[in-house]
Amino acid sequence: RWLERHNQNREKMATLAVTQRQHTQKNPLAFFYGTPLTREDYLNSRMVAHPFCLYDCDIPVQGAAAIVLTTAERATDLKPKPAYVAGYGQRLAFEVTGRVPSLSNYMEAGSSSSSLTWERSGFTAKDVDVAQIYDGFSASVIYGLESYGFCGEGEALDFIQDGRIELDGELPLNTFGGSLGTGRIHGLWHIIEGALQASGRAGERQVKDVDVSFVGASAPLVEGTTFIFVGDPY
């Protein structure tokens, strides 16, 4: 429906999967580490449910993750270097619990959640240096970029072209490879990568001069969950 509404073509979707797989090659913990993906691979892959091909779907994995949360005062004496939560927001926007959400649900939840995060942190989308946006399916990134305010409605596929979301681009996106490349741990990878980028601990995939690290960890049943991490407390 999004493609039809905005007169966009599916071929532009290849950029997201291919770029995230490039990022995956800098993450030794990723499922597809050592397995690159070309644009031709994407366009020639089998269709799952139009317009989604195999590489628009994340890879199920077994895994575990842990996040240690403490006060800013205690964190100053800890190693390694911490990241600080500068703002967060969570909103739900669907009519019946457990119901598969619609496009409008995604957009409403994303915009209401991010508006809380921007208000509480004092930042705007233009301040963000690096972003991690949930990608259980590639469409979630498209909805997120628009509903969080990084671009206008209908503009997301054009927004991600021409290197903008690469590690040295204007908005490095899903720098760990996303769930498409790393594996599905239901948004925890996105949160962890957001903290690693803010604290300068992302290794080979570290984006230069990160001040503001944004996370939109919104899975389909909890559509509006956003964070801002910073490297130094404000």
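**Close-up views of a predicted model**

**View 1. Packing of helix α5 against helix α6.** In this predicted model, helix α5 (residues 103–121) packs with helix α6 (residues 138–147) at an angle of about 45°, the two axes lying 8 Å apart. The two helices are therefore oblique to each other, and α5 passes α6 in a right-handed crossing. On the α5 side the contact is made by Leu-103, Tyr-106, Met-107, Gly-110, Ser-111 and Ser-114, and on the α6 side by Ser-140, Tyr-143, Glu-146 and Ser-147. By residue class, this contact comprises four nonpolar residues, five polar and one charged.

**View 2. The largest nonpolar core.** This core has 40 residues, of which Trp-2, Trp-118, Val-128, Ile-133, Leu-145, Phe-150 and Phe-214 touch the most other members. At least two residues each are supplied by α1 (2–5), α2 (14–24), α5, β4 (130–133), α6, α7 (156–159), β5 (212–216) and β6 (224–230), and the most come from α6, which gives five.

**View 3. Surroundings of Trp-118.** When neighbours within four places in sequence are left aside, Trp-118 is in contact with Phe-123, Thr-124, Ala-125, Val-128, Tyr-148, Phe-150, Phe-214 and Ile-228.

**View 4. Pro-60 in its loop.** Pro-60 is placed in the loop between β2 (52–53) and α4 (72–75), and with a relative accessibility of 54% Pro-60 counts as exposed, because the cut-off for that class is over 50%. Although Pro-60 and Phe-31 are 29 residues apart in sequence, their C-alpha atoms are 9.4 Å apart in space.

How values were computed:
Residues are numbered from 1 along each chain as its sequence is written. This is a predicted model: local features need pLDDT of at least 70, side-chain atom pairs count only at pLDDT 80 or more; totals for chains, interfaces and linings use all residues. Side-chain values use heavy atoms; hydrogens and water are left out. Axes are lines fitted to C-alpha atoms, for helices over the stretch in contact, and angles run from 0 to 180 degrees between N-to-C directions. Helices (H or I, at least four residues) and strands (E, at least two) are DSSP runs, numbered from the N terminus. Angles under 35 degrees count as roughly parallel, over 145 as roughly antiparallel, 65 to 115 as roughly perpendicular and the rest as oblique. A crossing is left-handed if the near helix is turned anticlockwise from the far one by less than a right angle, and right-handed if clockwise. Contact means heavy atoms within 4.5 Å. Ala, Val, Leu, Ile, Met, Phe, Trp, Tyr, Cys and Pro count as nonpolar, Asp, Glu, Lys and Arg as charged, and the others, Gly among them, as polar. Buried means under 20% relative accessible area, exposed over 50%, partly exposed in between (1.4 Å probe, protein chains only). A nonpolar core is a set of buried Ala, Val, Leu, Ile, Met, Phe, Trp, Tyr and Cys residues joined through side-chain atoms within 4.5 Å.
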